[in-house]
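Please open the structure in your viewer and keep the selection panel at hand.

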Protein chains: 4
Amino acid sequence: MHYKLRLGMIGGGQGAFIGAVHRIAARMDDAYELVGGAFSGDPERSRASGVALGLDPARCYGSYRELFDKEMALPEDRRMQVISIVTPNHVHFEPARLALECGMHVVLDKPMTFSLAEALELQKTVVASGRRFCLTHTYTGYPMVKEARSLVASGVLGAVRKVYVEYPQGWLSKSEESGNNKQAAWRTDPHQSGIAGAMGDIGTHAFNLAEYVSGLTVSHMNADIQTVVPGRRLDDDGSILLRFKGGASGVLMATQIAAGEENNVRIRVYGEKGGLEWQQNDANTLQVKWLDRPTELYRTAQAYTSSFARHNTRTPGGHPEGYLEAFANLYRNVAECIVADLEGRTPSPESLDYPGIAEGVRGMAFIETAIASGRSDQKWIPLNIS
Amino acid sequence: MHYKLRLGMIGGGQGAFIGAVHRIAARMDDAYELVGGAFSGDPERSRASGVALGLDPARCYGSYRELFDKEMALPEDRRMQVISIVTPNHVHFEPARLALECGMHVVLDKPMTFSLAEALELQKTVVASGRRFCLTHTYTGYPMVKEARSLVASGVLGAVRKVYVEYPQGWLSKSEESGNNKQAAWRTDPHQSGIAGAMGDIGTHAFNLAEYVSGLTVSHMNADIQTVVPGRRLDDDGSILLRFKGGASGVLMATQIAAGEENNVRIRVYGEKGGLEWQQNDANTLQVKWLDRPTELYRTAQAYTSSFARHNTRTPGGHPEGYLEAFANLYRNVAECIVADLEGRTPSPESLDYPGIAEGVRGMAFIETAIASGRSDQKWIPLNIS
Amino acid sequence: MHYKLRLGMIGGGQGAFIGAVHRIAARMDDAYELVGGAFSGDPERSRASGVALGLDPARCYGSYRELFDKEMALPEDRRMQVISIVTPNHVHFEPARLALECGMHVVLDKPMTFSLAEALELQKTVVASGRRFCLTHTYTGYPMVKEARSLVASGVLGAVRKVYVEYPQGWLSKSEESGNNKQAAWRTDPHQSGIAGAMGDIGTHAFNLAEYVSGLTVSHMNADIQTVVPGRRLDDDGSILLRFKGGASGVLMATQIAAGEENNVRIRVYGEKGGLEWQQNDANTLQVKWLDRPTELYRTAQAYTSSFARHNTRTPGGHPEGYLEAFANLYRNVAECIVADLEGRTPSPESLDYPGIAEGVRGMAFIETAIASGRSDQKWIPLNIS
Amino acid sequence: MHYKLRLGMIGGGQGAFIGAVHRIAARMDDAYELVGGAFSGDPERSRASGVALGLDPARCYGSYRELFDKEMALPEDRRMQVISIVTPNHVHFEPARLALECGMHVVLDKPMTFSLAEALELQKTVVASGRRFCLTHTYTGYPMVKEARSLVASGVLGAVRKVYVEYPQGWLSKSEESGNNKQAAWRTDPHQSGIAGAMGDIGTHAFNLAEYVSGLTVSHMNADIQTVVPGRRLDDDGSILLRFKGGASGVLMATQIAAGEENNVRIRVYGEKGGLEWQQNDANTLQVKWLDRPTELYRTAQAYTSSFARHNTRTPGGHPEGYLEAFANLYRNVAECIVADLEGRTPSPESLDYPGIAEGVRGMAFIETAIASGRSDQKWIPLNIS
C-alpha cells in the first residue's frame, strides 16, 4: 500500500531559501503530503505563505505553539505526523521538543540547536519519545557519498590514515549582512545563529561528512578560527587540524570568504592501500585510488555499487542526480522507517542510514570545540560530550 | 493563487522506467496532482500500478480509451486537465490525438510518433485544439542549455559556423533484447519503435539539441547508419554530417554501442568570435570560449546568466541540479502556460520556452531522413517536411 | 658507449615555429648534435639563423643543395648523419630524396609531401636507401597514446567497432593570412601547402592517430570539406565519415575555425567490451571504460602500463610530460634504431615504434581522398593507394 | 651571439632520478654544455656514469673536491662555469660553498641544506661571491604559476585573505625504505635528509609555492607532523596552519602516505575580490575565480598572459608543457642572468625571476619550524630567521 505521511512545516515562509528545498525534497518521492505549517513568526505572513502553497488556511498557523495546540485537537488520523523545522538555529530546540512530545516525528535543519546543552536535552527527548528524528546533513544523502562510506567500511582501503574535508564558499566575502540579504543577516547574528557563523553553517556539514565517510570519531581539534570581513560578528572562516580515535589525522577547511567559490564540498580519505575522493561539483562520480593500479571512477546507479548507493538513486546511470535528490534521500529514508514502524516492520539498513540525533549532538560539540579551540592557546582541545 | 493541474498518465506502469521519471518531474514543483491513468494495456496491471501510487482505483483505467470515456463523463472541475503519455512510440499518436480532442493538454515522450505522417496529422490536431502540447526533449530543460541558446541568440559569438553534437551510450553493446531487458526489447522492435532504433531514441534528442542551441535549421543530411550488434533489427549507431540553412555545417553522432559510455550528451557550437560547449556530465557548467580571451565557465543560478537560465533553476549557485530538474522544468513551464491560459494571461517568454509540436514534427522528419540517407547512395538528402 | 648522431636541419630559420620544436626534441635525450643546416632559402638568413644557434658558419648553408654538396665532401666521420626537414610542404620531397640518396637518415615534418605521387616516389627511395625515415606525427609519441594502441592490440576491448577522432583549432577563424602571420600564410597557400589546408595540416594527424590507436585501416571516406573564412584559398574545416576494413566505422573532425579552441586532439575508440579516450589537454591520462565495471584512469609512467608506454617517458608518475616530450620520443626512437643499425643490433620493438614512410604514404592518400570526396557527389570514396 | 655555459654536475650518477632531470632541463634550451662532473662518491661509478653520458673521462672526477681542484687548474676559458648539485641533502652545503668560492655559479636541488645554520652560512658565501645561485623549486617555473603570482601582485584579486597549498603523494604508503628503493632510503634517513622527511622533501616545495604565488611571508606555524608508517625514522605526513604577515591565513598539507596519489601539487589563493587555483595535473590552466562573474581559464602561451608567463613557454597555446619544461625554465632563466652578467647587461625582470638563496633560507627555516611545532605543545610558533 502507498503511505503518504502528513507533514507540517515550521519556518520556510516567503523569502526563505531552505524551506522550499525541504518541500521539494519531501515531495520528490511522494512519501509526504504537506498539510499545513507555521511558516513565519508573523501570523499574516505565515498564512499568506501557506495559501501561496495551496494549503488550507485553517492549518497555516501564526506560531508553532498554535500549530501544536490546534493539531493536537484534530483526530489522530488527520493530525500532522511529521514536522519539518527550517527556522534559524535559535528556533530549533523548542519546536523540535514540542513536536516529539506531541508524538510527531521530526526533520530538523542543521546545526541541530543553539548550543550543545540544548542538543543533549533534545537527545533525551528523542530517546524518550520513540519517534524518528532526522537532521538534514544533506551531503550524506548523495549516493556516491554512501558508496564512499561503504568502501571504507568494507576494509578494501585498509585502515584510514588521513582525512581531508573542505567546504569552500565565497558568498560572504563582503559584508552582505549590512545590506538586505536575509540569509546573510541571520547567519552572522549571534542571537539567531549561536556562537558560530561559518563553523555552524557549513563547518558542521564538513565535520559530519568526515565522520560519516571515514567511519571514525574525532577526538581532538586544533583550530584557527577567523572573522575576516571587518565588522562581522561571527566567524566566517576556519581551518582545523583533526585527530581521530585510533590514530588517523585530518584537516577540515570551511570558509565563506573564498571569493569565487560556490559550494564545492569535497572529501578525501586515505587508507593503507588506497584512497577516495568525492566532490559535490562532480557528485555522481567517486574517485577510488589505489597504490598500484589505475584510479577507478565509481558512478551513481551502476550495478557494481553497494546497496546503500543504489537505494539512493532514482534513474539509470548517466542521468545526473544532484542536491535536491540527495536532500530527498534523507526525507525518503526517514519516511520508510516511519512507515515500517507504523506497519510493525524492521526498516532496512539502507532506510535506517540517515543522520539523526547522535550526529546532531556531535555537530554541536564540534561547534563548541571549534570556537573554544579558536580562542585558546592550548594546541589540542578534546572533543568531549558530557 | 496556487493552481495544481489534474494530471492523468498513459503508460508508466510497474517495471517501466520513464513513467516514474515523468511523475517525479511533474511533482517537483507542485504544479500537478496525479489523479489517475491507464498505466498499462493490461487492466489488472494498470490498476495495481495506480494503487501502488496511492491513486483512487476508480481512476486507474484498463485502457486509454476507457480513460477518455470515463474522464469525459466526470464534471469538468474533476476531470483530468493534462495527459502524460509515456508509452512506446507506437502508442503515442492515438492517445495524444484523443486527449487533445477531449480538450486536454498533452505532455508526450519522444520521439513524437511512429512516423512523420502521424506527426503531421498530430500537428493539425494540436493546432485545431488550441491546447498546450509539450514533447519531453529533456536536455533543452537544463538551465545551461538555455544559457547556451541565449548566448548564441544574442549574437556575441557571431554567426554560427559549426555544430558538433553527440549522444554516446554503451548499454546496447550486447544483444540485451535477447534477454529480458524490457527497455531494450521495445526499443529494438520495429513494431513498437518505428523505422529507427538509436536514431529515434537518442538521435532525435541530439538533433533537437543542435537546432535548439544553434537557433538554426538543418537542411541536408548525409548519414552513415549502422546496425552493429548481430541480429539486432534496428539501427544502434549513426554518424551524420549536417548542413544548416544559412551555411553552417555540423556532425551528429549517436550510438548505443559505445561500450563504457553512459549518457553523456554533449554539444559544441562555434561562431565567428567564439564557441561554447556543454555536456550532461557537467550539466551545471557551460564553457564559453573566445578567440582572444580566457574561456569562461558559466554556472547555473548565477546572477550573470540570462532570465531563461535563471527561470529554470531552484537553488542557489553551487547546488547541482540534474536530469530530474531539467525534466521538471518542461513540466513546470507548460504548467505555467496552461495556468496563464486559464487565467487569461499571456505566458512569459521563459514559460513558453518548452519543446512542442513543431519540434516533434522536425524530430520525425529527422528520423525518416536519417534512415533514408543511411540506405541511400545519394550523398546529401534534404530534410523536407511536406 | 654514448652515441650522439650528427644532425643537419633544412628549414627552421628565424621566425619559424616548428624548427625550434624539432631542435628541442632532438636535444632532449642527448642523442643528436646539431652541426649545421640550410635554415632558409635566403643564404644570409640561413647563416644568421645558424650562428644564432651557435653553429659553425661554415656549415650554415645557403640552400639544401649546397648542404648536400658540401657535406658529402666532408669525411664520413664528420658528415651529417641525419637530416631534419622542417620546411613548408612543397619543399619536402626533394631534400628528403637527396638526403636518402646521400645515405643520410631523414626526419621529416608532416604532411609528407606535396602530393601522393611524390609520396609513392619517396617510398621507393626510402626502400632503396636502407636508411631510417621518420615522419613527425607527434601525437603517436605520447606514452598514453602508445598505451591506447597496446590495449586495443591486446584484445581486452574486443573487436573495434567505432572510432571518433577530432582535431579542433580556432586560430584561423579570421583571415590571418591577410596580415603578416607567416604560419597562416603558407598553410593557406596552395603553392606551398598542396591541395589541402586543414586536412593536410591537422587532418593527417587525426587520420594517423585513428589508424595507429585502432590498429585498423581506413577503406572508404565520405567527406564534407569546407572553406569557411571568405577569401581563403584552401579548406579550413572538414568532417569525414570513415569506414575501416573489417567493418568498423568512425568520424574524423578537423577544423581550424572552431573559435576558442587551441589544439585539443582527442580520440575515442570503442570495442565490444570497452572503450578508451585520450585527449592532449590531459595527455598523461588514458580513460579506459568498461561495460560493467568502473572506468579506469591509466596514467603515464605507472608500473602497470605497457613497455611501449614506459619506454616513452622520462620521469616518475605524476610529473606531467607534454608535447615536447612526445616529439622527443620520435627523435629518440629513431636514434635508437640508427645506433642499433650502426652497431649491428636489432632495435627493440619499442624503438621501432615510430611513424615512417608507410604512414606518410597513407597520410597523402588520406589528403587526396578527403579533398576528392569533398568535391564529389559520390557518397563513399575508397582510399586507394596505387 | 649564442653563449653556451660550461656545466659540471655533482651527484646524479647511474640509478639516480633527479640528476637526469637536471640534465634534460639544462639541455632543453641549449644554454649549457655538460662538460664533466663528480657523479658519485665512488670514483669508479662516477667515471662510468660520466662516460655513459658521452663525457671526457678526464673530467669525470672521483669526488667533488677533486672536481674543484682539477677544474681550477684548467684555464678559465675551459673551466666549468656552473655547478649543478643533485646529491642528497647532507652533501649540499659543502660543494655549494666550494663552487662559489671557486667563482662558479650554482644550481642546487632543494631543500637547500642540512640545517638552517648551514643555510645562513651559505647565504653569506653567496652574497660574498657575487655569483648566481638557483635553488630548484621547480613548481615556480611553470608559466601558469608565474601568471598566478602576477595576477595576485597586480592587485586585481584584492588583498589576499586565504591560501591553501597541498602536496599529496602516496609512494611512501609502505615501508619502501626496507626494500631496495634508493629514493626512499635516503629520504627517510636522518643522516642524509636532516631532521625532516616529507616536510623537507615536499613540504618545502609547498611552502615556497605559497609564498611565491601569494607574495606574502609566513609569520607563524601550527603544525601536526606525523610519522605514519611504522618503523619510519622521519615524518611522512604533515598538516600545518599558517599565519602570514599582514593578516592572511592558510593551510599547508604535505603527505607521502596518501595512497593512490601521485604528485598533484595544488594551490588556491583567495583575495577580497576573487581567487585562483592551479594544480600540476592540469598545469597549463590557471583557474581565476570572481565574486560576480564567470570563472576564467587562463592558459599557457596565450597573448593575454603576463610577460612572466610568456617568457617561460616555448610553444604556441594548446601544446602542453610539463614538469621538464618548468624545470628547464629555472635553468634558462639563471643562464640568461649569467650571460647578461658576463656581457655587462642588466638581466630582464623575467630572467631574474628564479628561486635563490633567500628562498632557500626560508625553506630551511620552514623545515625547522615545522618540526619544532610538530613536537611542541605551543600552538603557534613564529617562523624566525636569525
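Begin by selecting Glu262(C), which is buried at a relative accessible area of 17%; buried denotes under 20% relative accessible area, exposed over 50%, and partly exposed in between, with a 1.4 Å probe and protein chains only. The model is a predicted one, in which local features need pLDDT of at least 70 and side-chain atom pairs count only at pLDDT 80 or more, whereas totals for chains, interfaces and linings use all residues. Residues are numbered from 1 along each chain as its sequence is written, chains are lettered from A and ligands numbered from 1 in the order in which they are written, and side-chain values use heavy atoms, with hydrogens and water left out.

**First stop: a pair between chains C and D**

Glu262(C) and Arg299(D) form a salt bridge, with 2.7 Å between the closest N and O atoms; the term requires a side-chain nitrogen of Lys or Arg within 4 Å of a carboxyl oxygen of Asp or Glu. The pair crosses between chains: Glu262(C) belongs to the loop between β9 (249-255) and β10 (266-271) of chain C, and Arg299(D) to strand β13 (residues 295-299) of chain D. Helices (H or I, at least four residues) and strands (E, at least two) are DSSP runs, numbered from the N terminus. Arg299(D) is buried as well, with a relative accessible area of 13%.

**Second stop: within chain D**

Select Asp189(D) and Arg233(D), whose salt bridge has its closest N and O atoms 3.6 Å apart. Asp189(D) is in the loop between α7 (182-187) and α8 (190-193), and Arg233(D) is in the loop between β7 (218-226) and β8 (237-244), so the pair ties together parts of chain D that are 44 residues apart in sequence.

Move to helix α11 (residues 323-342) of chain A, where Glu336(A) and Arg332(A) lie four residues apart, about one turn of the helix. Their side chains meet in a salt bridge of 3.6 Å, N to O. Glu336(A) is partly exposed at 24% relative accessibility, and Arg332(A) is buried at 13%.

Finally, display every chain. The structure holds 120 salt bridges over all chains.
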